[in-house]
Amino acid sequence: MSSDDNAPQGDSTPAHDLPDHVKEIAISMVSAYADHNRDELDQLIPRASDEVDDVLSELRVIGAFLSRRVQETGVVWKPADSREAVARTVAEMLPPELEFAVSTAWEAHSIGEEEAAERITQGDPMVYAHMLAAFCAAIGQAVYKRAELVSTLRQVCGLSE
């Protein structure tokens, strides 16, 4: 299994036409998870919820980019690594029931069980947003230092420093 097998699917081309504020929300969610900053994440949730479909789209792009970077750098990243990293990343960042939903849904998603992941999330797109942001933070830190991660994501998404 390649390191991309558990990557979020979707548009893998960074240059797509979402508003900058949506890109900022997605990068900020990844940053909050990378920093384990629950307060920042709590402040982002209402904004992310308001534009969840676009935020999910941006997080898929970021996840695909980071999955390719891991593959290019030769860092070993298996589905089991992904499951453990997402669970560790969301630990104590979310209320217990949401933490469980995110971790369990990612576990199903990472092995290709999309129907199970959908059942677990009960169709809540914010569970997916948390899942993808946590994945991006975890896999991003496998190849970048924290400050470098955010800077790189801003460049990839076409945002200025």
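Cys157 is buried, at a relative accessible area of 3%. Buried here means under 20% relative accessible area, exposed means over 50%, and partly exposed is in between, with a 1.4 Å probe and protein chains only. Before going on, note that this is a predicted model: local features need pLDDT of at least 70, side-chain atom pairs count only at pLDDT 80 or more, and totals for chains, interfaces and linings use all residues. Residues are numbered from 1 along each chain as its sequence is written, and side-chain values use heavy atoms, with hydrogens and water left out.

Back to the cysteines. How many disulfides does the structure hold? It holds 0, a disulfide being a pair of cysteine sulfur atoms within 2.5 Å. For Cys157, the nearest cysteine sulfur is that of Cys136, 9.4 Å away. Cys136 is buried as well, with a relative accessibility of 0%.

Now the overall layout. The protein has 8 helices and 0 strands; these are DSSP runs, helices being H or I with at least four residues and strands being E with at least two, numbered from the N terminus. Of its 161 residues, 48% count as buried.

Next, the salt bridges. A search of the whole structure finds 3, where a salt bridge is a side-chain nitrogen of Lys or Arg within 4 Å of a carboxyl oxygen of Asp or Glu.

One of them joins Arg154 and Glu24, at 2.8 Å from N to O. Arg154 is in helix H8 (residues 146–156) and Glu24 is in helix H1 (residues 20–35), so this pair ties together parts that are 130 residues apart in sequence. Arg154 is buried at 12% relative accessible area, whereas Glu24 is partly exposed at 26%.

Arg146 forms a salt bridge with Asp35, and the closest N and O atoms are 2.4 Å apart. Arg146 is in helix H8 and Asp35 in helix H1, so the pair links parts 111 residues apart in sequence. Both residues are partly exposed, Arg146 at 29% and Asp35 at 34%.

The salt bridge between Arg69 and Glu72 is 2.9 Å from N to O. Where do these two residues sit? They are 3 residues apart in helix H3 (residues 52–73), so about one helical turn separates them. Arg69 is partly exposed at 24% relative accessibility, and Glu72 is exposed at 56%.
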